[in-house]
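Please keep the structure open while reading.

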Amino acid sequence: MSNHKPLVVTYAEAGKILMGISARSVRRMVDKGDLPYVKVRGRVGIPYDALLVYVNSRTQFAHEDQEKQCLTAERIAHSGGSRTPIAQADKLAEVVKLLTSKKQKR
């Protein structure tokens, strides 16, 4: 693969990204509604950005006082500074809205 990230990955590729879990486990996550999917000409895949949202929503910190804090698009966007990827944070915020607004149907 080149330096750019794919828009959509297969269940197997998503599993590798998610610490080497199986494609079957990814399918269960989709069936449960934990991950959205996209269908293209009969093939089913996972949007790459949805994997980022999934991982970020489950990020936990070692200290108890920070335990409930998660890295969110809003936190990224409002952290400021020249290194803040505002465009990426905005895109991530859109994906979060899609994921939290309603469960997608197959």
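**Contacts of L35**

L35 touches L18, V26, M29, V30, I46, A50, L51 and Y54, with residues up to four places away in sequence left out of the list. The model is a predicted one.

**Nonpolar core**

- The largest nonpolar core is made up of 13 residues.
- L35 is among the residues with the most contacts inside this core, together with I46 and L51.
- At least two residues of the core come from each of helix 1 (11-17), helix 2 (23-32) and helix 3 (48-57).

**Fold and surface**

- Five helices and three strands are present in the protein.
- Read from the N terminus, the order of elements is β-α-α-β-β-α-α-α.
- The protein has 106 residues, and 25% of them count as buried.
- Among contacts in the protein with a separation of 6 or more, 46% are between residues 24 or more positions apart.
- The accessible surface of the protein is about 8300 Å², and carbon and sulfur atoms account for 53% of it.

**L92**

- L92 is part of helix 5, which spans residues 86-101.
- Is L92 buried or exposed? L92 is buried because its relative accessible area is 12%, under the 20% cut-off.
- L92 lies 40 residues from L52 in sequence, while their C-alpha atoms are 8.2 Å apart in space.

How values were computed:
Residues are numbered from 1 along each chain as its sequence is written. This is a predicted model: local features need pLDDT of at least 70, side-chain atom pairs count only at pLDDT 80 or more; totals for chains, interfaces and linings use all residues. Side-chain values use heavy atoms; hydrogens and water are left out. Helices (H or I, at least four residues) and strands (E, at least two) are DSSP runs, numbered from the N terminus. Buried means under 20% relative accessible area, exposed over 50%, partly exposed in between (1.4 Å probe, protein chains only). Contact means heavy atoms within 4.5 Å. Accessible areas come from the Shrake-Rupley method with a 1.4 Å probe; for residues, only the protein chains shown count as cover. A nonpolar core is a set of buried Ala, Val, Leu, Ile, Met, Phe, Trp, Tyr and Cys residues joined through side-chain atoms within 4.5 Å.
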